[in-house]
Amino acid sequence: MTNKPSEARERVRQDMVADPRVVEAIVAAIHEQVPVYAALDDTRLPEVRAIAAWGLERLLHLWATDGTLDPADLRRFRGIASARAADGRPVQAVLRAYRVAGTVLTAEVAARAPLLAASDAFALARMLLATLDTLSEEMATAYAATSEDLSGDRDRALRLLLDDLIAGRHASVGALTDRSARLGIHLPDPCCLLVAEPVAPDRPDLAQDTASALLDALVPAAGEVTSLATVRGPRAVLLLPVAAAGRAGAVLGERAWRGCAVTGESLDRVAVAHRLAADALDTAPAHAHRTGHVLTDADAHVLALLAARPAAAPDHIARLVLGPLTDAARGHLLEALTAYLDAGSASAAARVLHLHPQSLRYRLRRIHDLTGRDPRTPWHRLTLDIARTIRDGPGALESSSLSGDGGRGRSGRSGGPGAAAPGNGTGRGGGGENPAVRRPPSPASRATGGR
């Protein structure tokens, strides 16, 4: 219900709605004063900003016209509450955010007090108290109803939980813990996020039952933790205990599937793990997939580095790939790996190190045992070569183009994915190489036959 606008209030309303700093002040105050919102990442703030802008416009309109919330307003507030129940944001925190917003709104109106009379201030207080009371009741009711619906349909609730984790909708570990408690579950921690797909080139969208069957094969017995499964187009996405990652290769191999298992991210970074794994499946060459094995964190990070989208520092990627080889006590194995990658064969590497060829081959087997990477296979040789080149330092990176094609990435364009940037050689900056400098073919290039 609205009445004829007060002229002074309408001028203030128009001024505040037109000033983008007011919305930013509201968002900043909520982000600072409500811990759940302080933990939101940058991908979630645009939604908070949009709701703040809408709420500001509606509240100022109600004040200017001595109006009250209409049915459309109430439907929107109920919808917001239902969305917060689905993504696990506590209703207390949501309602506090509206109170903080009301405080900022009052301060902004007070800054324009010369335009207003005492009756305008009383009208603002009356409107805010009535509106906050109404929306609190409506939102609490909608939140409780949605939570009950989600708990009642357990399978759907578990699927939605994983969907929200993948989308990055959980603001903190605390919010995730609260939602898990309402569902009566304990999520695996540490966890493995497995993204898997059929090998066949024609891959239709998967049914949820297919992902659930894969989950049952990987985690056959119910335990203390609850594993989750959902689908993303033609791919299944599973949240598993870390121990299940060791069975993933065999289970997927039986089904003629392939996958990427990321075990190095925490529950509040499932969205990062999913992006890594999905990008790895998109970009990995065919020879990177071996029957009975899945791609790992190390593979995914190397692929992201080659695509000029590194998700971690280069030295961290090197440690992921080399694993125990970075220990001082295993320096002889890293030395053998370096010689083998540089020389191109076990016999030639043995001559460089003054070893018997069998001794060199034994060390290569130990490298395979410790890292899970066989230096004799093209993909593993490439990842090991990249990792030891990073570990050798900037000088080694400058003398070795990771793509092996004269500073061009896989797309064949200078500065594209995988291109070496002048001065750092990590493939981050693009821009190709100095044409005045001729570089020898890199060990990484030899490992892949110059591809």
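Between which two elements does the loop that holds Pro190 lie?

**Figure 1. The loop with Pro190.** Pro190 sits in the loop between α9 (173-183) and β1 (191-198). The peptide bond from Asp189 to Pro190 is cis, and its omega is near 10°. The model is predicted: local features need pLDDT of at least 70, side-chain atom pairs count only at pLDDT 80 or more, and totals for chains, interfaces and linings use all residues. Residues are numbered from 1 along each chain as its sequence is written, and side-chain values use heavy atoms, with hydrogens and water left out.

**Figure 2. The whole protein.** The protein has 20 helices and 4 strands; helices (H or I, at least four residues) and strands (E, at least two) are DSSP runs numbered from the N terminus. Of its 451 residues, 49% are buried, where buried means under 20% relative accessible area, exposed over 50% and partly exposed in between (1.4 Å probe, protein chains only). Among contacts (heavy atoms within 4.5 Å) between residues at least 6 apart in sequence, 71% join residues at least 24 apart. The protein exposes about 21,000 Å², of which carbon and sulfur atoms supply 54%; accessible areas come from the Shrake-Rupley method with a 1.4 Å probe, and for residues only the protein chains shown count as cover.

**Figure 3. The loop with Ala256.** Ala256 belongs to the loop between α11 (245-254) and β4 (257-262). Phi of Ala256 is positive, near 60°, in a residue other than glycine. With a relative accessible area of 48%, Ala256 is partly exposed.

**Figure 4. The loop with Ala308.** Ala308 is found in the loop between α13 (297-306) and α14 (314-322). Although Ala308 is not a glycine, its phi is positive, at about 60°. Ala308 counts as partly exposed, at 28% relative accessibility.

**Figure 5. The largest pocket.** The largest pocket has a volume of about 420 Å³. Of the 17 residues that line the largest pocket, Leu158, Leu215, Asp216, Thr226 and Ser227 are the closest to its centre. A pocket is an open set of points on a 1 Å grid over the protein atoms alone, where a 1.4 Å probe fits, with protein on both sides within 12 Å along at least five of seven lines; lining residues have an atom within 4 Å of a point. Grid points are joined across faces, edges and corners, and a volume is the space filled by probe spheres set on the points. α8 (154-167), α10 (208-218) and β2 (228-232) each supply at least two residues of the lining.
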